[in-house]
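Open the model in your viewer, keep a selection tool at hand, and follow the stops below in order.

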Amino acid sequence: MEPRQVATAGLGDGAPQRRVGYVTTPELAGSAIVRDLLGELRAMKGVRGPAGG
């Protein structure tokens, strides 16, 4: 059985967007790996962390 054809249409500038966030606990935030990850995510988005970076 062949797959059905799917039509697509551009949604323009008002298209819905999906955003990915992150959550951590104070215990995990203390680990170097999680701090580095959060720093990288903030740098990508241009957001400063609670201690300025």
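Select residues 32–45 to begin, which make up helix H2, with 14 residues and a reach of 20 Å from its first C-alpha to its last, close to the 20 Å expected at 1.5 Å a residue; that expected span is 1.5 Å times one less than the number of residues. Helices (H or I, at least four residues) and strands (E, at least two) are DSSP runs, numbered from the N terminus. This is a predicted model, in which local features need pLDDT of at least 70 and side-chain atom pairs count only at pLDDT 80 or more, while totals for chains, interfaces and linings use all residues. Residues are numbered from 1 along each chain as its sequence is written, and side-chain values use heavy atoms, with hydrogens and water left out.

Within H2, highlight Val34, Leu38 and Arg42, the buried residues of this helix, where buried means under 20% relative accessible area, exposed over 50%, and partly exposed in between (1.4 Å probe, protein chains only). Seen down the axis of H2, these buried residues fall within an arc of 70°, so they line one face of the helix; the arc is that of the directions from the helix axis to the C-beta atoms. They pack against helix H1 (26–29), with contact taken as heavy atoms within 4.5 Å.

Finally, select threonine 24 in the segment before H1. Leaving aside residues up to four places away in sequence, threonine 24 touches Ala29, Val34 and Leu38.
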